[in-house]
Each structure stands twice: as structure tokens, then as C-alpha cells.
Amino acid sequence: MKKQVKNNVYWVGKIDWELEEFHGSDYSVTQGSSQNSYLIKEEKTVLIDTVWSPHKDEFIKHLKEEVDLKSIDYLVMNHGEVDHSGSLPALMEEVPDLPIYCTKAAVDSLVGQYHHPEWNFQVVKTGDSLDIGNGKKLVFVEMKMLHWPDSMATYMTGDKILFSNDAFGQHYAVEELFNDYADQAVLWEQAMKYYANILNPFSKMAARKLQEILAMNLDIDLIAPSHGAIWRDHPEQIVEAYVRWADAYQEDQITILYDSMWEATQAIAHRLAREISFLSPSTKVKVFNVAHTDRNDLMTEVFRSKAIAVGSPTVGRDILTSVAGILHFVKELHFVGKKAGVFGSYGWSGEGNKVLRKSLEEAGFDLVEEEVKVKWKPKEEDLEKAQALAQALLD
């Protein structure tokens, strides 16, 4: 069922309440999500994006109820990833000559995934436009690496809508569509989680692209992303948030990540939290056992933090696999401008802290010299060493 976005623009996507994971199992979804497809009915009829293939039959059925598929003049594919393009083969079976407007990289992506080089691809680049009648145009803006090489956004003049694709989105099911109807706490939590886990590796490019978009002086009344709520109430607020998030974002927060075999490393983690809070009561401190916490939520907390501390006991001259996996993910997300410290316990050889340091340095963190390294179960004098580590992380 279509829902009106503004004037002759309608949402024809899928609210996916049951979705629990994304990018395979790489991203946890706790609030549902949506795959947003948009139908424009001006003198020309335009479809912007499709939905994921599990919903293709429902998508095509509902689209046929709204429009004769053969009357669609143009299809705009802002991005070739399967959550946007999954229903494309089914649509092209119905209208095989439908012109597909996309970037050059998107042609490579779509042909590579669906093996139809004969499709009617129309390659566009930043600044190109498409007249859709009634004095309105679609203007294309390449958004390379936000978050694929093929990504672009589409701006509709007249109605002043930016179809922003993955930028400014969230994995959040909002049946009412718009940000002013959404639970604000959930909306912003999911928007930050989305940025931290998907877009943060491309922050330098995001910062440049945001400045490029701002320099275009587009008059934007609505930002319509590919997932989650449509920003109609002060849409500039999410753009301003992205500008902040792309600039080595941090809050006055220190996050402690650890796993423990027999509570020795856990005791250090808890004492470190206490020392940080004592030395700087205004600093938010969060402690997580990484084996029992959603890793995407952990990355959101790392994103917020000005410093982190990571702890593991030494196991087989290495660290626990739970901690190693989290550090691999931390490295993948390319956090910048953040301090880090290490701590851990051991019984035999004690290489754990060295392994932690190497991993965090490779991930781009500024390592403090102070650390806590305890043989066997910590005594009070061992736990007192946490104060020096706490101070170093705060300085």
C-alpha cells in the first residue's frame, strides 16, 4: 500500500518488522527496519529503488495496484546493494526496456549481481538531471563510498526532496514514515548506530561529500533515505549530526571492553571504572563484557568514546577469541582521534597485554603507556594500579 510522502510522491516500500540481522549476520537489527522505495507521479512516472528480494512478490503486487508497470518512464537506482535492488529482476521481467538511471559503478554492480548487461542502463554523474514534467527535475549527486562505490542521491526540485539512499538512514521500523512520529530516543540511537557501524570507515569521504552537498545550496524540505524514518521535521538536523559524526566524533565517555575466564580480568575492569569515575565524575563510564554484549552496540559506544580500555587474560600466549574478534571489528571501522589502554591477568607467560597493544595500534588508537598486568587473581595493591591507567586515559 502506498503512502503519500508529499504531493505526487509516494512511499511504496516494505516495513520489515521481523528483520533481526543485516549484511548477513554482521549488523544486529533490534527495532525492525524498512526498505524504502518511492514512486513519483508527475508528467513522467518514476520509481526510485526497489526492495530486497524476499519481498519482491509483495512489492510487485502492490506496485501493480498503484500503477501500470508499463507506464513507468524511469527507474532510478541510487545503489545496487541487494536490499535496494533485490526486486529489480522481477520488475525487469515485467518491463524489460525500462530505463535504469544509475552511476557507472552501479552498472558494474548490477550486472555483476544479476547478469543482465542488456538492461537499458542510463549512466549519470553529479549535476546531471532528468526532466519529469510540471517544471520539476531530478538532479543526481554521486555519493561514492557512502557506503559503496556506486552510491548516489537524487534531488527532486519543486518538492525539494533529497532521496539520500543509505546516508541519513536507520534500521528502524516506523509505520508512520516520518521522523516527527518516531520515538526520538530510538530514532537517534539507531541513526548513530547506523553511522558508527556502516559509514564511519568512510568519514573522511563523508565529510567532503557533505561539504559538497552544502555548497550546492539545495533547498531541502524532506530527506528520504532508503531505511528508516523520512526526515521532514527540520531535516537539517540529521545533516548537522553527520557533519559532527564525520569529524572524529567523541563525547566525554570512556568505554571498558573485556572478557574474563575466572573473574581476575573482570575485577580489573570494574576497578578501572570506579577509578575513572572518582577522578572525573562528569565522565560517563561504561563497562561491557564483550562475550555477552551485541557487538554493533559495542561499536556505537566506542564511537561515542574519547578513550577505551580493553582487557583480556592471556590464553595460549594470546588473548580470548571474543576480545580478538571485537578488536578486528574495531580495526575495520577506522576510528580516529581516540586513546586506548590495556589490562589483563595471566598465570603463566603473560603475553596478553602485548597482543592487545599491537591490535589497538594497528586500529589507529593512541596507546597510553600505563597498563595493568596482574599475575593470577589481583590483590588490592594490584588493583590500585588502575588509578594510573584511569588518569592516563583522562589526560
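Me: In which sense do strand S22 and S23 pair, and over how many bridges?

Reply: This is a predicted model, and in it strand S22, which covers residues 339-346, pairs with S23 in the parallel sense over 7 bridges.

Me: What is the order of the strands in the open sheet of 5 strands, and which are the edge strands?

Reply: An order is read by stepping from each strand to its partner. Here the 5 strands follow the order S18-S17-S19-S22-S23, and the pairing is parallel. The edge strands are strand S18 (284-289) and strand S23 (366-375), each of which pairs on one side only. Neighbouring strands of this sheet are turned by 15° against each other on average, if direction is ignored.

Me: Which strands does helix H11 lie across, and at about what angle does the helix run to S23?

Reply: Helix H11, made of residues 352-362, lies across strand S19 (307-311), S22 and S23, and the helix runs at about 160° to S23.

Me: What is the order in the open sheet of 7 strands, and what kind of pairing does that sheet have?

Reply: The order of this open sheet is S1-S2-S7-S8-S9-S10-S11, and its pairing is mixed. S1 and strand S11 (121-123) stand at the edges with a single partner strand each, so one side of each is left without a neighbour in the sheet. On average, and with direction ignored, neighbouring strands of this sheet are turned by 30° against each other. At the S1 end, S1 and strand S2 (residues 9-11) pair in the antiparallel sense over 3 bridges, and lysine 3 stands opposite tryptophan 11 in S2. As for S11, helix H4 (residues 104-114) lies across this strand and strand S10 (100-102), running at about 150° to S11.

Me: Is valine 5 buried or exposed, and which residues is valine 5 in contact with, leaving aside its neighbours within four places in sequence?

Reply: Burial is read from relative accessible area, and under 20% counts as buried. Valine 5, whose place is in strand S1 (residues 3-6), has 9% relative accessibility and therefore counts as buried. Leaving aside neighbours within four places in sequence, valine 5 is in contact with Tyr10, Trp11, Tyr38, Phe178, Leu222 and Ile230. The C-alpha atoms of valine 5 and alanine 224 are separated by 8.9 Å, although these residues are 219 residues apart along the chain.

Me: Is asparagine 165 buried or exposed?

Reply: Asparagine 165, in strand S15 (residues 161-165), is buried, because its relative accessible area is 2%. With neighbours within four places in sequence left aside, the residues in contact with asparagine 165 include Asp49, His79, His84 and Ala224.

Me: Where does valine 315 lie, and which residues make the nonpolar surface patch?

Reply: Valine 315 lies in strand S20 (residues 314-315) and is partly exposed, with a relative accessible area of 31%. Together, Met261, Trp262 and Val315 make a nonpolar surface patch of about 350 Å².

Me: How many residues lie between S12 and S13 in their hairpin?

Reply: The hairpin has 2 residues between S12 and S13, and asparagine 134 in the turn has a positive phi of about 55°. Strand S12 (residues 129-133) and strand S13 (residues 136-142) pair in the antiparallel sense over 4 bridges, and the bridge partner of leucine 130 is leucine 138 in S13.

Notes:
Residues are numbered from 1 along each chain as its sequence is written. This is a predicted model: local features need pLDDT of at least 70, side-chain atom pairs count only at pLDDT 80 or more; totals for chains, interfaces and linings use all residues. Side-chain values use heavy atoms; hydrogens and water are left out. Buried means under 20% relative accessible area, exposed over 50%, partly exposed in between (1.4 Å probe, protein chains only). Contact means heavy atoms within 4.5 Å. Patches are made of residues with over 30% relative accessible area and no salt bridge: like charges are joined within 9 Å, nonpolar side chains (Val, Leu, Ile, Met, Phe, Trp, Tyr) within 5 Å. Accessible areas come from the Shrake-Rupley method with a 1.4 Å probe; for residues, only the protein chains shown count as cover. A salt bridge is a side-chain nitrogen of Lys or Arg within 4 Å of a carboxyl oxygen of Asp or Glu. Two strands pair if DSSP finds at least two bridges between them. Axes are lines fitted to C-alpha atoms, for helices over the stretch in contact, and angles run from 0 to 180 degrees between N-to-C directions.
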